[in-house]
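Please read the following report alongside the sequence and the three-dimensional model.

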Amino acid sequence: MEAEHLKRLEAKEADHIPAILGEFNTKNADLLVFDSFRTDNLWHELWLAIFGILDDQRLSHLHTQCLNTVRILTRDEFSLQTNYIEQEVNTLLKLARIEAGSLKLPATPDELKQQEREEPQQEPSQAQSEVIAEALKCLCNLVYQSSDCRRQCLRQHCLDAILKRVASSMRHPCALEYYDMKLLFLLTALEPAARSRLQIDLNGLTYMTKWLDDKLGEESVGEEQLNIICELLKVMFNVTSAPDKSPNEYEIQSLHLTGVLRELLLRFGDLATDKDRAVVTHAINLLTNISGSCLTELTLRCSNAELESHKEKEQDNEKEKDTEAGASAKPRECCSQCFEKRNVRSLDVLLGYLRQSLAQQEAEASSHELLSPVLTVLVKCARSDRVMRHYLRQEILPPLRDVSQRPEVGLELRNHLCRFLTLPAMILRDLSAELLFVLCKENVGRMIKYTGYGNAAGLFAKRGILDCRRVEGTDYSSDSEDSDTEEYKQQQQGINPVLGCVEPRSKSHLDNISEEQKEYEAMQLVNLIEQLRQGGIVKPAMIDKDGRPQPLEHILQLQEELPQQQLDQKRKT
């Protein structure tokens, strides 16, 4: 910027300011490197000149343009760290109307409505809303760049003001709501104190849940509203990542939140657009923070189940009913996805999201870690509720028919999860194993049936059940829910349990050699393994009483276990 232009800004020459700032903002719209501004203290002088205009109410018609210039200058982290800007931050908080207010935020949304009726607030004009939105953009940059600015915002109680504004019944432009949420997200992501204050002192989760419910209640939700919902879900994820409230109070809030998230999944579960998918993604991320006991709210009793219970009550009461009462008991249509008298549409959305993510991951070779949130939610659902586990098992582990291919070969959900069992990515591998094991009701034999012992060996070793013993302490329903198909029974005898499929019979190389030659080759193999053990290359092991691998001192120790292993095998057969 020329020295003459800077002097005009400092002198607040209103006639020249629009042209000077318009040229500067256009030229530096994408500027990220500010080396040229640090010579001759240009950045600091321009900063003070702009805020001199912002502090002058007579030049309020120029504030939007000035804030555009401030937003560009706030990208320079070095200058923000080396200059004292506390007074300027207070100016931005005032322009954004989130400075400390005189009215305290009520404990609940209903109390806030009562307060608004008693002391109504004036709705900002369109020009004022533009200034507020631009000031919020500047604060977002400052909060991201400077820890001092974050702490100053908390001292000025900007969390209270933002929460009060978004929870009020007053309508605000979408841009204002979006940047309110963006600023709230940055504060809660970068400042642990902000998360605690928002959750405990301000009861923020209740306010945000109510606001999300109101957003979903609108008939049409455009792209701007979807962006706001995404930012809101990100804020709620930050707040719930480390709950500080008492377990009972937090569970009550989580139950309500899960019910709202269920409605969100039902509304955007078709994943028709990228924005719909983004909303579902953030909802799934938020569900990972919800305790398993609250996830039962993802399913509801079907309308036909309610009708049956209503009929049972009618039969127990007097049989004579008037015609009006009979009309009130008129059957309603059942939901499209009824499973064991429960609407499982939300679970179907989660599975559809998983299928789409798997297809996208294979097509674009994207990170496996993107799948971990939805797998985490599915594991929690399967553990928390019998009906949800039954439905997920029906979709992921349907009765086996074709066992000619290995479990990891194919495009079904079972095939994908079996492939993950041998991945080096520990999080995805462990989540896949956990989900499959829970769907098998932690039954080792059933797990081997659907995955093969080779794929599940890592899980068994981790849990100390390599010897296929029964897992103790499991709490599942007694019904087996594991009926084998006729196709499976016909091929069952030929299944290799290690591979999990029927292994084609091939001619053995041992058929054409004598027993003496076989014994000689066996001893040669023993000697070779012993040499590898002595060299520290391999460590032969056997399964101890705890079901875990125990290193051997000598390879011949395996012979000592043969009689017991043969006896155990006879008992199993």
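## Cysteines

Cys440 counts as buried, at 0% relative accessibility, where buried means under 20% relative accessible area, exposed over 50% and partly exposed in between, with a 1.4 Å probe and protein chains only. The sulfur of Cys440 lies 9.1 Å from the closest cysteine sulfur, which belongs to Cys418, and this is too far for a bond, because a disulfide is a pair of cysteine sulfur atoms within 2.5 Å. By this rule the count is zero disulfides. Cys294 is also buried, with a relative accessible area of 0%.

This is a predicted model, in which local features need pLDDT of at least 70 and side-chain atom pairs count only at pLDDT 80 or more, while totals for chains, interfaces and linings use all residues. Residues are numbered from 1 along each chain as its sequence is written, and side-chain values use heavy atoms, with hydrogens and water left out.

## The chain as a whole

The protein chain has 28 helices and seven strands, which are DSSP runs numbered from the N terminus (helices: H or I, at least four residues; strands: E, at least two). Of its 573 residues, 43% count as buried. The accessible surface of the chain comes to about 31,100 Å², and 49% of this belongs to carbon and sulfur atoms, with areas taken from the Shrake-Rupley method and a 1.4 Å probe.

Among contacts (heavy atoms within 4.5 Å) between residues at least 6 apart in sequence, 75% join residues at least 24 apart.

## Two lysines with positive phi

Which value does phi take in Lys441? Phi of Lys441 is near 55°, a positive value in a residue other than glycine. Lys441 sits in the loop between helix H23 (426-439) and helix H24 (444-451), and at 11% relative accessibility Lys441 counts as buried.

Lys341 likewise has a positive phi, near 65°, and is placed in the loop between strand S2 (338-339) and strand S3 (342-343). Lys341 is partly exposed, with a relative accessible area of 43%.

## A pair of packed helices

Two packed helices are described by the angle between their axes and the distance between the axes. Helix H2 (residues 17-27) and helix H4 (residues 63-73) pack at an angle of about 35°, with their axes 10 Å apart; axes are lines fitted to C-alpha atoms, for helices over the stretch in contact, and angles run from 0 to 180 degrees between N-to-C directions. The contact includes Leu21 and Phe24 of H2 and Ile72 and Leu73 of H4.
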